[in-house]
Amino acid sequence: IKIGYASADFREHPVGMLMAAVIEEHDRERFEVVALSSGPATGDPLHRRLVGAFDRFIDMEQASEAEFVDRAR
């Protein structure tokens, strides 16, 4: 099963702070966990932690809305 998370806040931000542990706790034997990030690649410690927590982290900051939707599909 593939689970996708889309956010502009995979960084030092309240959403990022709340999501880090959630992402890290997924059972990787049962789920592939993918991020679609429309926010900035800040490189801060929480951003790096989140990038490492996903099986795939896709930077969509420069993508159009249509490209983002197509990639999510």
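Helices and strands are DSSP runs, numbered from the N terminus. In this predicted model, strand E1 gives 3 residues to the lining of the largest pocket, the most of any element.

**Largest pocket**
- The space in the largest pocket amounts to about 150 Å³.
- Strands E1 (2-7), E2 (32-37) and E3 (56-59), together with helix H3 (65-72), each give two or more residues to its lining.
- The lining residues are Lys2, Ile3, Gly4, Val34, Leu36, Arg56, Ile58, Arg71 and Ala72.
- By class, the lining comprises 5 nonpolar, 1 polar and 3 charged residues.

**Lys2**
- Lys2, one of the residues lining the largest pocket, is placed in strand E1.
- Lys2 counts as exposed because its relative accessible area is 55%, and the cut-off for exposed is over 50%.
- Beyond its neighbours within four places in sequence, Lys2 is in contact with Glu32, Val34 and Arg56.

**Salt bridges**
- Arg11 and Asp9 form a salt bridge through their side chains, at 3.1 Å from N to O. Arg11 is partly exposed at 22% relative accessibility, whereas Asp9 is buried at 17%.
- In the salt bridge of Glu24 with Arg49, the closest N and O atoms are 2.7 Å apart. This pair links helix H1 (residues 14-24) to helix H2 (residues 45-53), across 25 residues.
- Asp55 and Arg28 form a salt bridge with closest N and O atoms 3.1 Å apart. Asp55 lies in the loop between H2 and E3 and Arg28 in the loop between H1 and E2, so the pair ties together parts 27 residues apart in sequence.

How values were computed:
Residues numbered from 1 in each chain as written. Predicted model: local features only at pLDDT ≥ 70, side-chain atom pairs only at ≥ 80, totals over all residues. Heavy atoms only, no water. 1 Å grid on protein atoms, 1.4 Å probe; cavity = no way out; pocket = protein on both sides within 12 Å on 5 of 7 lines; lining within 4 Å. Points joined across faces, edges and corners; volume = space filled by probe spheres on them. Helix = DSSP H or I, 4+ residues; strand = E, 2+ residues; numbered from the N terminus. Nonpolar A, V, L, I, M, F, W, Y, C, P; charged D, E, K, R; others polar. Buried < 20%, exposed > 50% of the residue type's maximum accessible area, 1.4 Å probe, protein only. Contact = heavy atoms within 4.5 Å. Salt bridge = Lys/Arg side-chain N within 4 Å of Asp/Glu carboxyl O.
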